[in-house]
Structure formats: C-alpha cells, structure tokens
Amino acid sequence: MFSRKMKILMIAVGCAAALSACTKSNIVQPEQESSFEPDFNMYNNIELDEEQLQADVEDVWLDESEFPMGAAFAFELNEDEAYVDMSVVVKDGTSPEDAAWYAEKYKQDGLKGGHIILLNSRDSEYFEATKAQALLALSVYPGGMQIGGGITAENAEEYLDAGASHVIVTSYIFREGEVDRSRLRRLKEMVGKERIVLDLSCRKKGDEYYIVTNRWQTFTREKLSEELLDEMAQYCDEFLVHGVDVEGKSSGVEGELVELLGRWEGIPVTYAGGIGSMEELEKFKNLGHGKLDFTIGSALDLFGGTIPYKNLLCL
C-alpha cells in the first residue's frame, strides 16, 4: 500500500489565480542577472506592460513539458485590487465530463476523501456555476468527498449539509500573516473537529517552508514545523499540504517537505504536488516512510495526464 487511502483531486470548474506581477521593475527583471530569488517586497506606482505580462505568463502556463493540457491563456488585470485573474483554455482530449461524473466514478470505485475545490472566488462571475457543480458532485456522493475554496465558519455548515464529509480550510484561519486562533476555535465550535481539514500548503523561502494563502500567492509568517502541526492538530481531523512550488507540474515531489511530514507523528496528512509517474509515487512512499496519503490531479489520465487511473485502484 502506498498510503492509508488514495485521494483523487477533482477541480470543479474553471481556473483562477492571483498574481502580484509587475514589469519594468526589478520584480520580474532583476537588475542583477545572477539573482534567482523572488522579490517579495511591496512596490507602488509600477508601470505594467500588459503585453509582456501575458507573454511571460504564457511561457510558463503553455509550456507543454510543464502543463500539457494548456491550449490558450487569457487574463484580466484588476489594478484597483492589485490582482490578475487568469484563465487557461485546455486542449481537445481533456475530459469534458462534469463534476458529478467524477463523483459517481469515485463512488462506484469505492474511493473516499477526494477533493472538490472551488477555484473561482465569490466575486467572480463564474462563482455560482462553480458552486453549482460542487453541490451537484456532493449530492451524487454524499459523505464521500471533501470541499474547499473560500470556506469559513459562516458557510462551512452549508457544504457539510450538502453532503461533504469535511471542509478544507486555508485563508480563513490566517490574519495578518499569522494563525488566528480565535477563528480556529470558532470553526471547531461550529462544525466539530472531526469535519475539518486544515490546508497548510507551503512554499520554500530560504531554508524554510512557509504556509501560503490567497491562492498560494501570499506568504504568511508561519513556518511549517512539527511543533505547528502538533498545535493545529487539536482543531482538525486531517491536514492537507500542497508542495506549491511543484504543484501541477508532474516534475517530482517536494522531497524535503515530504520527509518533514513523514517524520511527524499525529493525525493523517495528505500531500499533493509533483507526482507525475508511478516511479515518482514509489519515491514519495519511501520519502514519507509509507505514512502519508496523497492526491494526484492533472497527472492522472482522467484529466489528460499519463498515470493510469486503473493502476492506482490496485494499490
């Protein structure tokens, strides 16, 4: 067995991501060509070159070696709120099935704990369509899937009542870069520890892994550590940790992160990010000492990738 349970990541509808992207500055074009570290400082009054911004992002998101499903890319710049909404059009051959189809398939195959993620924010014009797909999937497989994306203490019960086994919570429990323990307590009081998955997805900065929020674009001041996992475990049933720097690339797992999670002794932990082959899955098993659950998303053949779904059912 590669894990206590396998989880298939299901994305309900669409794609949106926030960026703090600027050109004509040292953020995208550093003055020293030898510098490869990202600049996380805040800058004001930076002139944006939209054509260069689109070209630079397309170099990444339409790179077939990195994102084989990408066919076209578009973005909408919102200067007032300092973010960019991105949309990727996928190629023919990418699954046309709706969320309910996947939910039914997982139900028939006895896979529990899959993830439904609402990627469009509440103020997006696509949010209601995204939510409708999510609720449809939950109705098809009640008690079989978890849901995340904009979950708060105020709306968590709605999704649990709709059939979610757990709610996946990230940004809500952070405020001003730190864990807001009052919100954690409120969430626990509202729905119960046994219905909560805390998403502690992280990115590496220096030698440490920092938890990131707001579509993985905002670094918190919280470092992922065994001590933090010990404390946060009193508020949830499970942890979900994405290795954000390798997420969606099928280029290999975040080895140091997997080792850190594998050393910890506590509640179940599900890792996501970079598993692109059966060989990489075996490496993940060894790095995590066989203790971690895992998700596979875009690398799965159901979503246009190369890992056979049927092979995973035999694990």
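The model is predicted, so local features need pLDDT of at least 70, side-chain atom pairs count only at pLDDT 80 or more, and totals for chains, interfaces and linings use all residues. Residues are numbered from 1 along each chain as its sequence is written, and side-chain values use heavy atoms, leaving out hydrogens and water.

**Overall picture**

- The protein has 9 helices and 15 strands. Helices (H or I, at least four residues) and strands (E, at least two) are DSSP runs, numbered from the N terminus.
- Of the 315 residues, 46% are buried. Buried means under 20% relative accessible area, exposed over 50%, and partly exposed in between (1.4 Å probe, protein chains only).
- Take contacts between residues at least 6 apart in sequence: 64% of them join residues at least 24 apart. A contact means heavy atoms within 4.5 Å.

- How many residues of strand 13 are buried? The count is 5 of 5.
- Glu238, Leu240 and His242 point one way from strand 13. Phe239 and Val241 point the other way.
- In a regular strand the side chains alternate between the two faces of the sheet.
- Strand 9 (residues 196–199) runs parallel to strand 13, joined by 3 bridges. Two strands pair if DSSP finds at least two bridges between them.
- Leucine 198 stands opposite phenylalanine 239 in strand 13.
- Strand 13 also pairs with strand 14 in the parallel sense, over 4 bridges. Here leucine 240 stands opposite threonine 270 in strand 14.
- From strand 13 the chain crosses through helix 7 to strand 14, a right-handed β-α-β crossover. Right-handed means that, with the strands pointing away from the viewer, the path from the first strand over the helix to the second runs clockwise.

**Helix 7**

- Helix 7 spans residues 255–263, and its buried residues are Leu257, Val258, Leu260, Leu261 and Gly262.
- Their cover includes strand 10 (202–205), strand 11 (208–213) and helix 6 (226–232). It also includes strand 13 (238–242), strand 14 (269–272) and helix 8 (278–287).

- Most residues other than glycine have a negative phi.
- Arginine 215 has a positive phi of about 60°. Tryptophan 216 has a positive phi of about 70°.
- Arginine 215 lies in the loop between strand 11 and strand 12 (218–223). Tryptophan 216 lies in the loop between strand 11 and strand 12 too.
- Arginine 215 is partly exposed, at 29% relative accessibility. Tryptophan 216 is partly exposed, at 25%.

**Aromatic pairs**

- The count comes to 8 aromatic pairs. Rings of Phe, Tyr and Trp (its six-membered ring) pair if their centres lie within 6.5 Å; planes under 30 degrees apart count as stacked, over 60 as edge-to-face and the rest as tilted.
- Tyrosine 102 and tyrosine 106 form a tilted pair, 6.4 Å centre to centre with 40° between the planes. They are 4 residues apart in helix 2 (residues 99–108), so about one helical turn separates them.
- Tyrosine 102 is buried at 5% relative accessibility, and tyrosine 106 is buried at 1%.
- Phenylalanine 284 and phenylalanine 294 form an edge-to-face pair, 6.0 Å centre to centre with 70° between the planes.
- Phenylalanine 284 lies in helix 8 and phenylalanine 294 in strand 15 (residues 293–296), so the pair ties together parts that are 10 residues apart in sequence.
- Trp101, Tyr102, Tyr106, Phe303 and Tyr309 form one aromatic cluster.
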